[in-house]
Every structure is written in C-alpha cells, then in structure tokens.
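Trainee: I've got a new model to go through with you. Can you put it on the screen?

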Amino acid sequence: MKSASVNVRINENIKQHAESILEDLGISRAVAIDLFYRQIILHKGLPFDLKLNTPPLSTSDFTPSELENILSRGVEESNNGNGRSAKEFFATLLGE
C-alpha cells in the first residue's frame with residue numbers, strides 16, 4: 001500500500017495541546033490523522049456534529065437537567081472567583 005503526505009497549518013497552541021494528549025495516549029500524530037480519516041470514511045462525513053453555536057433565547061430551550069447543570073456550573077465558577085460581569089455575559093449572549 002502506498003502512503004501519502006498531508007500538510008496542514010494549525011495554531012501552535014492547539015497543536016501542542018493536542019500532541020500532548022496524543023503522547024499520553026501513546027499514539028503519534030500520523031496515527032491520529034489516519035484514525036480521523038478512517039472515521040470520515042466510515043461516517044461518510046465528519047465523525048461529529050458540526051453546528052453553529054447560537055445562544056439560547058430562554059430557559060425553555062434547555063431540559064430541566066441541562067438547566068440545572070448550567071446553573072450549578074455558574075454557581076461553582078462564582079464561588080471559585082471565576083466568571084464574567086453581567087455586562088460581558090449579556091454582550092456574549094446578544095452576540096455583541
């Protein structure tokens with residue numbers, strides 16, 4: 001079987017982070033790319049959903065458990081001193 005090269009340009013931080021994870025998994029970049037291509041063939045498309053991230057308009061856009069998880073994460077982030085101001089949050093929510 002012949003082999004072929006794939007050349008791509010990628011953000012350095014993303015490359016380093018991903019390759020660190022691949023090293024922990026014990027697989028090379030080439031093997032990971034080969035696996036990705038095989039999954040594309042198997043799925044006859046990308047092996048994951050590709051969608052636009054649009055902010056929800058109301059709490060009714062979530063299931064009760066999703067809403068509980070989101071609110072719990074928010075409380076945890078706030079308790080840890082992480083998070084954003086209300087102004088930043090609403091700017092993100094409104095896509096500004």
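Mentor: One term to begin with: buried means under 20% relative accessible area, exposed over 50%, and partly exposed in between, using a 1.4 Å probe and protein chains only. With that, Lys-44 is exposed, with a relative accessible area of 77%.

Trainee: Where did the model come from, and what are the ground rules?

Mentor: This is a predicted model: local features need pLDDT of at least 70, side-chain atom pairs count only at pLDDT 80 or more, and totals for chains, interfaces and linings use all residues. Residues are numbered from 1 along each chain as its sequence is written, and side-chain values use heavy atoms, with hydrogens and water left out.

Trainee: How many helices and strands does the protein have?

Mentor: There are four helices and zero strands. Helices (H or I, at least four residues) and strands (E, at least two) are DSSP runs, numbered from the N terminus. Along the sequence the pattern reads α-α-α-α. The radius of gyration is 20 Å, well over the 12 Å that the globule rule gives for 96 residues, so the protein is more spread out than a compact globule. That radius is taken over C-alpha atoms, and the rule is 2.2 Å times the number of residues to the power 0.38.

Trainee: What does the C-alpha trace span along its principal axes?

Mentor: About 55 × 30 × 30 Å.

Trainee: Let's do helices. How far does H1 reach?

Mentor: H1 covers residues 12–25, which is 14 residues, and reaches 20 Å from first C-alpha to last. That is close to the 20 Å expected at 1.5 Å a residue. The expected span is 1.5 Å times one less than the number of residues.

Trainee: What's at the start of H1?

Mentor: A side-chain oxygen of Asn-11 comes to within 2.8 Å of the backbone nitrogen of Asn-13.

Trainee: Which residue follows H1?

Mentor: Gly-26, with a positive phi near 80°. Ile-27 is in the loop between H1 and H2. Ile-27 counts as partly exposed, at 28% relative accessibility.

Trainee: How far is Ile-27 from Ser-85?

Mentor: They are 41 Å apart in space, C-alpha to C-alpha, and 58 residues apart in sequence.

Trainee: On to H2. How many residues?

Mentor: It has 15, residues 29–43, and reaches 21 Å, close to the 21 Å expected. His-43 lies in H2. His-43 is partly exposed, at 42% relative accessible area. From the C-alpha of His-43 to that of Pro-55, twelve residues along the chain, the separation is 28 Å.

Trainee: Back to Lys-44. Where is it, and what is its phi?

Mentor: Lys-44 follows H2 and is found in the loop between H2 and H3. Its phi is near 55°, a positive value in a residue other than glycine. Most residues other than glycine have a negative phi.

Trainee: What about Ser-58? Where does it sit?

Mentor: Ser-58 is in the loop between H2 and H3, and H3 is 64–79. At 35% relative accessibility, Ser-58 counts as partly exposed.

Trainee: What joins the side chains of Ser-58 and Ser-60?

Mentor: A polar contact of 2.6 Å. A polar contact is a pair of N or O atoms within 3.5 Å; within protein, one must be able to donate a hydrogen and the other to accept it, and residues adjacent in sequence count only if both atoms are side-chain atoms.
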